[in-house]
Amino acid sequence: MNLDLARWQFAIVTVYHFLFVPLTIGLSLLVASMQTVWVATGDERWLRMTKFWGKLFLINFAMGVVTGIVQEFQFGMNWSDYSRFVGDVFGAPLAIEALLAFFLESTFLGLWIFGWDRLPRRVHLACIWLAAIGTVLSAYFILAANSWMQHPVGFTVNPESGRAELNDFGALLTNSTAVAAFSHTITACLVTAGMFLVAISAWNLAKDRHPEVFRPSARVGLWTVLVAGLGVVVTGDLQARLMTEQQPMKMAAAEALWDTVAPASFSLFTIGTPDGTQELWSLRVPRLLSFLATGTWDGQVEGIRQLQAQAVATFGPGLYTPDIPMTYWTFRFMIGFGLLAGLVALVGLWLTRRRARRVPRWFGVAALAGLVTPFAANSAGWIFTETGRQPWVVFGVLRTADGVSPSVGGATVLTSLVVLTLLYGVLAVVEVVLLVRAVRAGPPAAGTPVGDGAPAGPAPEPDPAEPPALTY
């Protein structure tokens, strides 16, 4: 019971936190790009876009920081044995993320917030780009830590202390799993931010509100979703082949493939027994799984039963299969919701191709509903990634059951689970209210000063005909 509660709590905290992370990363890059266009062209529309979307970015950033701090506490609260075992390895990228990426991100974001009328225009632009770079670096270090759990490299286990010790930091940072996960995650973040722009812009365009701002915003979002979506497909394909090589059980579970087969078909929809051990009916695409897993149309994909037998021979008696229905469906939800986001982008690009001031009301509603798709795809992808690794918390090295805190009782975990769930529910309401208020307020009016009364740029030279201001 303690193990299940600890896993539930970590899952809720992590998935909730990851609702904010992709939007923060993607928006930081898009807002920086908007400000770059304004600085290069002087077009006031791009300044208004920068300030409007920048405000939404800051609201989401603050929520991500709060939920991220709580997530860090999980390792000491419910997973002390895990922390004790991997602390020397896992702590390194997390420390760098906190000391370098987070402070780089926060420092220059603060300068960007308060520097609109105090910093030269290009220096101020550099601040948002450095904040965005810090956000991306932060993502890489976190993914490097998580990827070590998926594919542990660059370490040895000390036989005396029983702890994993890092002996090759370069191997940890250049882990093939980390590189693949990073490219896939960043493109997914851009899809999320792009759809955020599309949903809000299309809704406003359907009501003919500020078309001079929301039409270019919609076009930026639509092209971002489409181009980054293609990137998600390409990087996801590469990641699937790497996963087949490193964690073949996860790929077999994703397809509910019980026996080794070549060539292997991909099931679009399958009805099976409640325990997931038998297939009753399935709609399949011939040879597609072979291509996804091996890069060839007739490649062999190992089955769950054969991989279970291999794991028993290697690690001893035990169940080495994840929750098959969970893994199967989250894999398809990830793909399905991602494709829906791409469909919304294609329709939106067609509807906005002629510089129309308004879009059909139905598309405004569809785009607003489509805002759910990237968030659902991201969450399903992470649930698939983490549950498909089970029963390992560090694949092939440490089982999840061996990482839980032995001294924390089930009642304590249940209490913290309920409290955090309720607290996060309140924070969700706060986030939505703040975002809705900012969206309803709309972009700043045309002709509004860049900052609090002065344009961004060097301070003007004093007029020698005027007396100097008194200072106190």
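I began with the contacts of R48 (heavy atoms within 4.5 Å): leaving aside residues up to four places away in sequence, R48 touches H210, E212, V213, P443, P444, A445 and A446. R48 belongs to helix α2, residues 44–77, and is buried at 7% relative accessible area, where buried means under 20%, exposed over 50% and partly exposed in between, with a 1.4 Å probe and protein chains only.

I noted that this is a predicted model, in which local features need pLDDT of at least 70 and side-chain atom pairs 80 or more, while totals for chains, interfaces and linings use all residues. Residues are numbered from 1 along each chain as its sequence is written, and side-chain values use heavy atoms, without hydrogens or water.

I then checked pLDDT, the predictor's confidence in each residue from 0 to 100: the chain mean is 86, and 92% of residues reach 70 or more. Over residues 452–472 the pLDDT is below 50, although this stretch has 15 contacts in the model beyond near neighbours in sequence. Where pLDDT is low, predicted coordinates should not be read in detail.

Next I looked up aromatic pairs (Phe, Tyr and six-membered Trp rings with centres within 6.5 Å; planes under 30 degrees apart are stacked, over 60 edge-to-face, the rest tilted) and found 25. F18 and W382 are edge-to-face, because their ring centres lie 5.4 Å apart with planes at 75 degrees. This pair joins helix α1 (residues 2–41) to helix α13 (residues 372–387), across 364 residues.

Methods. Helices (H or I, at least four residues) and strands (E, at least two) are DSSP runs, numbered from the N terminus.
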